[in-house]
Amino acid sequence: MRQKGQRVLETPRAAGLAGVAFALLFTAAIVLIRLGIPQGAEAVTARGFTDSARRDTVRAALALVPFAGIFFLWFIGVVRAHLGAGEDKFLTTVLIGSGLVFTATLFGAAAAASAVLAVAHPTGTAPAPAYWDFGRHLAYTLLTEYAMRMAAVFVSSLSVIGLRLGVLPRPLTILGFLTALVLLFVASDVPWSELVFPAWSLLISVYILLVGDRARGRTAADA
């Protein structure tokens, strides 16, 4: 039972803004990492990575990843707050679990990319080809094969819950299912397609913010 004067809209709004921050930071990190270490066997050789501009680009991406992960955890919070007391316990467990695994796998991909930098030392020397190939492929495998598929589970479970409870508009739920399909079957083969996840997160965050603002306006009018 709610206590008198309890504020119930502040947390969803704050977490909604965190969801926007996650979307922007994750997009920036993906763009920078793909520019710094392009995917593909012949995209950039170990010797080509001696370019300081590429290293700086990767370092910038890696600096953003921890904050993107932190904001994503807050985003999970706003999702649960938006679902309310009627959330399905089974699907919510899948939602939370997939979100946590996504975050952990994202950090693992960042650590693998960081290893590519670590083996390229002293500054200006090329990484050993074996280390280069291993670190680069590990980073992209974690990101595109595993993190994106956990993101697909997160998106699809939220879309199902939103559809069942009616807390998300039908166009958003349909878009969510399409996003999940892209993340499941396309992201591992088509470069840059993983950007659909932050784009979807941004739309969900903006929608929740707008719903919260409208509810706050009605509360103020009734007061």
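How many of the residues in the protein are buried, as a percentage? I found that buried residues (under 20% relative accessible area, 1.4 Å probe, protein chains only) make up 42% of the 223 residues.

Notes on the source: I worked from a predicted model, where local features need pLDDT of at least 70, side-chain atom pairs count only at pLDDT 80 or more, and totals for chains, interfaces and linings use all residues. Residues are numbered from 1 along each chain as its sequence is written, and side-chain values use heavy atoms, with hydrogens and water left out.

Fold: I looked up the secondary structure and got 6 helices and 0 strands, in the order α-α-α-α-α-α. Helices (H or I, at least four residues) and strands (E, at least two) are DSSP runs numbered from the N terminus.

Helix α4: I noted 37 residues, 129-165, and a reach of 52 Å from first C-alpha to last, close to the 54 Å expected at 1.5 Å a residue; the expected span is 1.5 Å times one less than the number of residues. I found a kink of about 30° centred on Ala147, the bend being the angle between axes fitted to the seven residues ending there and the seven starting there. Gly166 follows α4 with a positive phi, near 75°.

Phe185: I placed this residue in helix α5 (residues 170-185). Phe185 counts as exposed because its relative accessible area is 59%, and exposed means over 50%.

Surface: I put the accessible surface at about 11,400 Å², with 67% belonging to carbon and sulfur atoms (Shrake-Rupley method, 1.4 Å probe; for residues, only the protein chains shown count as cover).
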